[in-house]
Amino acid sequence: MVSKKRVAILISGRGSNMTALIDACRLPDYPAEIVGVGSNRATAPGLEIASARGLETFSLAQSQFVDRDAFDAALTQKLDAWNVDIICLAGFMRILTPDFTVRWAGRLINIHPSLLPLYRGLDTHARALADGARVHGCTVHFVTPDLDEGPTIMQAQVPVLPGDTPDTLATRILVEEHRIYPEALCLLASGTLKY
Ligand code: GAR
């Protein structure tokens, strides 16, 4: 097989999507390998999981930098040091600068817990329930300068059931997130997707 694409994952929290990507990349025929995990929060539980799996990690705190440009420049430096081909945002709760997203265009993807273009931003499950949505879901998309606006790569739907709460809906959708994120990365890393 041709050489695997070098993937970095950026997280802010527990890292369950990160773990799904790490697991997929361990399959021999998968076209990507995880080279490291970065976070904007030193206490993100996912960092410990990544370390326990033998991956390099880093964390960068906004407080160490004068502005967003300086933060994203430091992020780029870390990713360049790993010779990264593709970046996967996996619960990375931070808006990246337009310069950063343009530099990585077509090689920077995100998972979002809604059927985009519905419910960009935060609290997607509560908002879907408040609207009386009958279906909800998740989306893997390319990241562009506008928040949650980039081209869709893959989506999964789940029905909204009577009695659902934001938590029950989140739990059901997370199962789908863990399924479609590795599938979408596989498509990108194998060169099947055109940006
Ligand atoms: C996931 O549900 C992901 O879709 C969401 O954060 C969660 C992270 O969970 N991402 C966003 O809301 C991005 N706007 P995880 O850390 O267990 O993967």
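**Close-up 1. Val37 within strand 2 of the predicted model.** Val37 is found in strand 2, in a model that is predicted. With a relative accessibility of 0%, Val37 counts as buried, because buried is the word used here for residues under 20% relative accessible area.

Close-up 2. Asn40 has its place in the loop between strand 2 (32-39) and helix 2 (45-52). Asn40 is a buried residue, and its relative accessible area is 15%. The side chain of Asn40 is joined to the side chain of Ser12 by a polar contact of 2.7 Å. The view can also be related to Gly15, which is 25 residues from Asn40 along the chain and whose C-alpha atom is separated from that of Asn40 by 13 Å.

Close-up 3. For Arg14, a polar side-chain atom lies 2.5 Å from an oxygen atom of the ligand. For Glu177, likewise, a polar side-chain atom is found 2.8 Å from an oxygen atom of the ligand. For Gly15 the atom concerned belongs to the backbone, and this polar backbone atom is 2.9 Å from an oxygen atom of the ligand. On its own the ligand has 450 Å² of accessible area, and the protein covers 86% of it.

Close-up 4. Thr168 counts as partly exposed, since its relative accessibility is 35%. A polar contact of 2.6 Å joins the side chain of Thr168 to that of Asp164, and the side chain of Thr168 also reaches the backbone nitrogen of Thr165, at 2.8 Å. Leu108 lies 60 residues from Thr168 along the chain, and the C-alpha atoms of these two residues are separated by 29 Å.

**Close-up 5. The loop between strand 5 and helix 5, with Pro117 and Tyr119.** Pro117 has its place in the loop between strand 5 and helix 5 (124-130), and the peptide bond that joins Leu116 to Pro117 is cis, with omega at about 15 degrees. Tyr119 also lies in the loop between strand 5 and helix 5. The phi angle of Tyr119 is near 55 degrees, which is a positive value in a residue other than glycine. Tyr119 counts as buried, with a relative accessibility of 14%.

**Close-up 6. Asn83 in the loop between helix 3 and strand 4.** Asn83 has its place in the loop that lies between helix 3 (68-81) and strand 4 (86-89). The phi angle of Asn83 is near 55 degrees, again a positive value in a residue other than glycine. Asn83 is exposed, with a relative accessible area of 52%, because exposed is the word used here for residues over 50%.

**Close-up 7. Val158 in strand 7.** Val158 has its place in strand 7, which is made up of residues 152-159. Val158 counts as buried, with a relative accessibility of 5%. Val158 and Leu118 are 40 residues apart in sequence, and in space they are 14 Å apart, taken from C-alpha to C-alpha.

Note on methods: Residues numbered from 1 in each chain as written. Predicted model: local features only at pLDDT ≥ 70, side-chain atom pairs only at ≥ 80, totals over all residues. Heavy atoms only, no water. Polar contact = N/O pair within 3.5 Å; in protein donor to acceptor, adjacent residues only side chain to side chain. Areas by Shrake-Rupley, 256 points an atom, 1.4 Å probe, with all protein chains shown as cover. Helix = DSSP H or I, 4+ residues; strand = E, 2+ residues; numbered from the N terminus. Buried < 20%, exposed > 50% of the residue type's maximum accessible area, 1.4 Å probe, protein only.
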